[in-house]
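This note sets out points for a colleague who is examining the model shown here. Each point takes up one part of the structure.

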Amino acid sequence: MPALAQAPAQALNAITEQDLLAHIRTLASEEFEGRAPGTPGEANSVAYIQSEFRRLGLQAGNPDGSWVQAVPMRGQKPTPSFSYTINGRKVALNFPNDYIAHSTSQPAIVNVNKSEIVFVGYGVQAPEYGWDDYKGVDVRGKTILMLINDPAIPDPDNPAELDPNMFKGKAMTYYGRWTYKYEIAAKLGAAAAIIIHETIPAAYPWDVVRSGGNAEQFSLLREGDDPDAPPVPGWIQLDKAKALMAAGGYDFDTLKKQALTKDFRPVSLKATADFHIENSARTITSNNVVAKIEGSDPKLKDEYVIYSAHWDHLGVDATTGKIYYGALDNASGVAALLELAKAYKALPEAPKRSILFIATTAEERGLLGAKYYASHPLYPLKNTVANINIDGINAWGKTGQIENVTSGHSNIDGLLEQYAKAQGRLMEKDSRPELGSFYRADQLEFARAGVPVLYTKARSGYLNKPDDYATKVVNNYFTHDYHQVTDGVRNDWDFSGGVQDIQLLFQVGLAIAQGATPTWNAGSEFKAAGDRRLK
């Protein structure tokens, strides 16, 4: 990496709390209807973001001369029913209060009849850890019930802590993500895969699952069924899962404890499941909004630094008609994207490499906009040197540290640490690795494609605040506002820390755009993809 160079003051000072909040107020207003893909809220969002990029003097980012990348998707609004039969007794559950289920398969009606229900522990096959929850048991056509997250294996030397040699200890690995659990279920031929919700390991209450499951579901448009999900993926509320197990003579806590051993084998719950899902389906063309600042160096301008932030949220609640405003998630990230564009335009000269700004669609539906760009890049991925993703901005004041969610994966860490130090801050690792934030935001799709990534959070070390302040504000947001209709603009926000973080991401991105070349670290799970990208 080259020596640290500070950006001009006029560029850093272009990023302001006032403009940040103004963008958030617009994007999280009633007029934007919660910014769901394929709705008038999308049209308003795309038009606003495009107009702001144009006003700031950026170029249209698509090589065809347009400001958007079309993302073809299939939308499905499910009307499901789910019952199970045990000992001759049929129990019907209520959607969406007891469970959520949908289907991304092509038929308008999906039926799963008399499907044996099998508890598969955490539903993980991880050969590098010597772990296989399936043990060769044939689950084709069956309904598999599984626990959330990774296996939480106690440290044999300190049972109060988790074993750092198993599934990264406290940190979540990709095996803990719901997307992985559906992918392995599809691979093994299960008819349905139902995840048992638990608030603490999930880090969000059932209402978050309910609100997402009650909305229109999206998948990238493809021929045939979804290879990444079984015919019926879903979730079940914890008490309902316990009741199902108890009806078959099993205790949830006992089975969960058994699932924490390598010797665990799938357990038939002596019950069968029936699902009937009617899908109201449509094909839509959603949009990634793309803007560009062309590089000034003749040799390097064909290489790209990408800043990304998703514009979408959950739209309008189908039951109550209330709007999911998505102010912090992620109107704030889009606002940061626009402020970054303003800062780059305030430079006396464009950076050597080109800068691409992408406001992605359908992140809330499975990172679909980022996934589509990674598989249909507008510019060659081998020439894409980094992705800096923004999902939520600190709204609670300045911090003495920045958390690097992507810590340890690439040499971008060195740049972040240097520029944080110049701000008088420390770079720290993720303070909440159990949330699996790396696997829950758009940078994951760029990393999977081999592009080095950066994703940060400021949720600890608040200046001039009580020791428990960070825990209170972060927990309060995730408990009460995250993916709820209450994620609206608040009068008590303090975006001084948000500006601090955006300036930091500007400095890091500018250093890369001026010639620093990110590389994957040898121990990163994405290094192999990075090597393939360069070939």
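At what angle do helix H11 (residues 412-422) and helix H14 (residues 496-513) pack, and how far apart are their axes? The first point below gives the reply, after a note on the source.

The model is predicted: local features require pLDDT of at least 70, side-chain atom pairs count only at pLDDT 80 or more, and totals for chains, interfaces and linings use all residues. Residues are numbered from 1 along each chain as its sequence is written, and side-chain values use heavy atoms, with hydrogens and water left out.

1. Packing of H11 and H14. The angle between these two helices is about 130 degrees, and their axes are 9 Å apart. Axes here are lines fitted to C-alpha atoms, for helices over the stretch in contact, and angles run from 0 to 180 degrees between N-to-C directions. H11 and H14 are therefore oblique to each other; angles under 35 degrees count as roughly parallel, over 145 as roughly antiparallel, 65 to 115 as roughly perpendicular, and the rest as oblique. Helices (H or I, at least four residues) and strands (E, at least two) are DSSP runs, numbered from the N terminus.

2. Residues between H11 and H14. On the H11 side, the contact (heavy atoms within 4.5 Å) is made by Ile-412, Leu-415, Leu-416, Tyr-419 and Ala-420, and H14 contributes Leu-504, Gln-507, Val-508, Ala-511 and Ile-512. By class, this contact has 9 nonpolar residues, 1 polar residue and no charged residues. In this classification Ala, Val, Leu, Ile, Met, Phe, Trp, Tyr, Cys and Pro count as nonpolar, Asp, Glu, Lys and Arg as charged, and the others, Gly among them, as polar.

3. Helix H6. Because 6 of the 8 residues of H6 (residues 206-213) are buried, this helix is largely enclosed by the rest of the structure. Buried means under 20% relative accessible area, exposed over 50%, and partly exposed in between (1.4 Å probe, protein chains only). The buried residues in H6 are Trp-206, Val-208, Val-209, Arg-210, Ser-211 and Gly-213. Their cover includes strand E2 (68-86), strand E4 (99-101) and helix H5 (199-202), together with strands E12 (217-220), E13 (232-236) and E17 (323-324).

4. Helix H10. H10 (residues 368-375) is mostly covered, with 6 of its 8 residues buried. These are Leu-368, Gly-369, Ala-370, Tyr-372, Tyr-373 and Ala-374. They pack against E2, E12, strand E14 (267-293), strand E15 (304-310), E18 and helix H12 (443-448).

5. Thr-360. This residue lies in strand E18 (residues 354-360) and counts as buried at 1% relative accessibility. Its side chain is joined to that of Asp-442 by a polar contact of 2.5 Å. A polar contact is a pair of N or O atoms within 3.5 Å; within protein, one must be able to donate a hydrogen and the other to accept it, and residues adjacent in sequence count only if both atoms are side-chain atoms.

6. Ser-286. Located in strand E14, Ser-286 is buried, with a relative accessible area of 0%. Its side chain makes polar contacts with the side chains of Glu-42 (2.9 Å) and Thr-361 (2.7 Å). Not counting residues up to four places away in sequence, Ser-286 also touches others, including Pro-37, Met-73 and Trp-311.

7. Backbone geometry. Most residues other than glycine have a negative phi, and most peptide bonds are trans. The bond from Phe-95 to Pro-96 is cis, with omega near 0 degrees; Pro-96 is in the loop between strand E3 (89-93) and E4. The bond from Asp-329 to Asn-330 is also cis, with omega near 5 degrees, and Asn-330 is found in helix H9 (residues 327-345).

8. Positive phi values. Phe-167, although not a glycine, has a positive phi of about 55 degrees. It is placed in the loop between strand E10 (158-162) and helix H4 (178-187) and is buried, with a relative accessible area of 0%. Lys-270, in strand E14, has a positive phi near 60 degrees but counts as exposed at 54% relative accessibility.
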